[in-house]
Amino acid sequence: MARVYNFSPGPATMPNEVLVQAREELLDWHGSGMSVMEMSHRGKAFMSIAEQAEADLRDIMAIPDNYKVLFLQGGASMQFAMAPLNLLRGKVCADYINTGSWSKKAIMEAKRHCHVNIAATTEESKFTEAPAQAQLTLDPNAAYVHYTPNETIGGVEFAYVPQTGEIPLVADMSSTILSRPIDVGRYGVIYAGAQKNIGPAGLTVVIIRDDLIGHAGENVPAILNYKTQAENDSMYNTPSTYAWYMAGLVFQWIKRNGGLTAMAEINQRKARKLYTAIDDSTFYSNPVAPESRSWMNVPFTLANAELDAAFLAQASEQGLVTLKGHRSVGGMRASIYNAMPEEGVDALIALMVAFEKHNA
Ligand SMILES: *Cc1c(COP(=O)(O)O)cnc(C)c1O
């Protein structure tokens with residue numbers, strides 16, 4: 001069996017150790033005689049798994065007590081709807097910062113529920129930078145400010161947390177959660193689809209400040225109401241039990257490996273190496289402004305796009321896979337989440353250097 005270096009943007013590579021542990025526990029979890037995926041979500045065994053996962057996530061992210069942690073389904077895309085459905089609190093407008101494909105989808109959904117004020121957009125620069133704080137035009141009547149700290153497709157990241165005063169900040173952290181320590185207290189709501197930096201697809205983590213729960217309108221379906229989910233400990237209906245368990249194993253893996261401070265150090269080093277390799281060559285390029293470059297998703301193009309297929313084929317031969325860029329950007333994209341070992345990035349850089357030598 002040979003494991004490849006999988007640069008997929010999501011579902012994405014998982015830590016080897018976690019997969020090995022899951023395999024060991026697959027048929028018989030801790031002497032229960034059954035697999036986690038066969039357990040009742042209301043039974044003692046799964047309840048302990050669920051509680052431990054939440055406790056570990058609270059620990060590694062230092063989540064304050066006045067925040068609920070929800071383990072939902074529906075992906076980040078469902079949060080595009082749940083945010084306006086729950087957070088308007090009688091207001092009619094919300095601020096959205098538009099920095100790329102995922103912001104746009106969030107905006108499109110929000111427009112079905114409220115007036116959307118575009119607080120800033122970087123569309124004119126083809127989404128190659130994050131706007132500065134001074135460029136944000138915030139509406140004082142907005143119910144909340146929504147942004148995408150890391151745009152997974154464009155590889156654009158905010159190097160700062162927008163200041164919004166008393167207005168709650170809502171962040172789609174799907175592709176950057178757990179990549180570094182953050183101050184959760186700066187946010188009203190943080191949400192993330194699990195399949196990038198947390199675990200398998202099918203799970204969505206929502207971290208929400210208590211006072212923002214309980215404001216959904218009468219017509220909001222119970223299952224889409226944060227209050228229902230919070231009151232039922234994310235078990236209003238059957239949750240995504242196996243993905244929840246796997247996420248828990250990942251949280252423990254992060255704890256064992258030095259927590260988010262250590263993750264941040266390694267992630268920054270991996271990203272810096274890769275951007276340096278790109279910038280040091282005239283063959284590869286990345287269009288993103290240096291201060292807005294993502295640590296997690298690194299798009300790059302070859303000087304001659306006709307060589308893309310050859311590059312991908314050679315990469316694949318060497319066990320470096322899923323490097324094809326998003327169709328809207330072209331070229332390549334290396335997603336280098338927590339679980340991508342530094343050796344994977346080193347191998348990619350070695351390939352890039354060799355490929356350039358042969359083809360430039
Ligand atoms: C992947 C991704 C999404 C979509 O997630 P789903 O779980 O497929 O709904 C939304 N936002 C960002 C930033 C993403 O990276």
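**Entry 1**

I began with Lys68, which counts as partly exposed at 32% relative accessibility. I note at the outset that the model is predicted. Asp210 likewise counts as partly exposed, at 30% relative accessibility. The side chains of Lys68 and Asp210 meet in a salt bridge, with N to O at 3.2 Å. I then looked up where the partners sit: Lys68 lies in strand S2 (residues 67-72) and Asp210 in the loop between strand S10 (204-209) and helix H5 (226-231), so the pair ties together parts that are 142 residues apart in sequence.

**Entry 1: Further salt bridges**

For the structure, I recorded a count of 14 salt bridges. One of them joins the side chains of Arg256 and Glu17, at 2.9 Å from N to O. Because Arg256 belongs to helix H6 and Glu17 to helix H1, this pair ties together parts that are 239 residues apart in sequence. I found Arg256 partly exposed at 47% relative accessibility, and Glu17 partly exposed with a relative accessible area of 42%.

I next examined Arg269 and Glu342, whose side chains meet in a salt bridge of 2.7 Å, N to O. The pair links distant parts of the chain, with Arg269 in helix H7 (residues 259-279) and Glu342 in helix H9 (residues 342-359), 73 residues apart. Is each partner buried or exposed, or in between? Arg269 is partly exposed, with a relative accessible area of 38%, whereas Glu342 is buried at 16%. I also noted that salt bridges with shared partners join Arg269, Lys273, Glu342 and Asp346 into one network.

I turned to the division of the chain, which gives domain 1 (16-256) and domain 2 (259-359). Their C-alpha centres lie 27 Å apart. Across the two, 24 residues of domain 1 are in contact with 25 residues of domain 2.

As a general remark, nonpolar side chains tend to be buried together in soluble globular proteins.

I looked up what surrounds Ile198. Its contacts, leaving aside neighbours within four places in sequence, are Ile177, Leu178, Ala192, Val205, Ala247, Val250 and Phe251.

Ile190 lies in strand S9 (residues 189-193). With a relative accessible area of 1%, which is under the 20% limit, Ile190 is buried. With neighbours within four places in sequence set aside, Ile190 is in contact with residues including Ala171, Met173, Ile177 and Ile207. I also checked Ile190 against Thr301, 111 residues away along the chain, and found their C-alpha atoms separated by 32 Å.

**Entry 2: Ala106**

Ala106 is found in helix H4 (residues 101-110), and it counts as buried at 1% relative accessibility. Which residues touch Ala106, once neighbours within four places in sequence are left aside? They are Phe80, Tyr96 and His146. For Tyr96, 10 residues from Ala106 along the chain, the two C-alpha atoms are separated by 8.4 Å.

**Entry 3: Backbone details**

A cis peptide bond joins Gly10 and Pro11, with omega at about -10°. Pro11 has its place in the loop between strand S1 (5-6) and H1.

I recorded two positive phi values outside glycine. His30 has phi near 45°; this residue lies in the loop between H1 and H2 and counts as exposed at 56% relative accessibility. Phe127 has a phi of about 55°; its loop runs between strand S4 (115-121) and strand S5 (145-147), and Phe127 is buried, with a relative accessible area of 15%.

**Entry 4: A surface patch**

Last, I looked at nonpolar residues on the surface. Leu26, Leu27 and Met37 form a nonpolar patch there, with about 320 Å² of accessible area together. Leu26 sits in the loop between helix H1 (16-24) and helix H2 (44-61), and it is partly exposed at a relative accessible area of 33%.

How values were computed
Residues are numbered from 1 along each chain as its sequence is written. This is a predicted model: local features need pLDDT of at least 70, side-chain atom pairs count only at pLDDT 80 or more; totals for chains, interfaces and linings use all residues. Side-chain values use heavy atoms; hydrogens and water are left out. Patches are made of residues with over 30% relative accessible area and no salt bridge: like charges are joined within 9 Å, nonpolar side chains (Val, Leu, Ile, Met, Phe, Trp, Tyr) within 5 Å. Accessible areas come from the Shrake-Rupley method with a 1.4 Å probe; for residues, only the protein chains shown count as cover. A salt bridge is a side-chain nitrogen of Lys or Arg within 4 Å of a carboxyl oxygen of Asp or Glu. Helices (H or I, at least four residues) and strands (E, at least two) are DSSP runs, numbered from the N terminus. Buried means under 20% relative accessible area, exposed over 50%, partly exposed in between (1.4 Å probe, protein chains only). Contact means heavy atoms within 4.5 Å. Domain bounds come from an automatic or database domain assignment.
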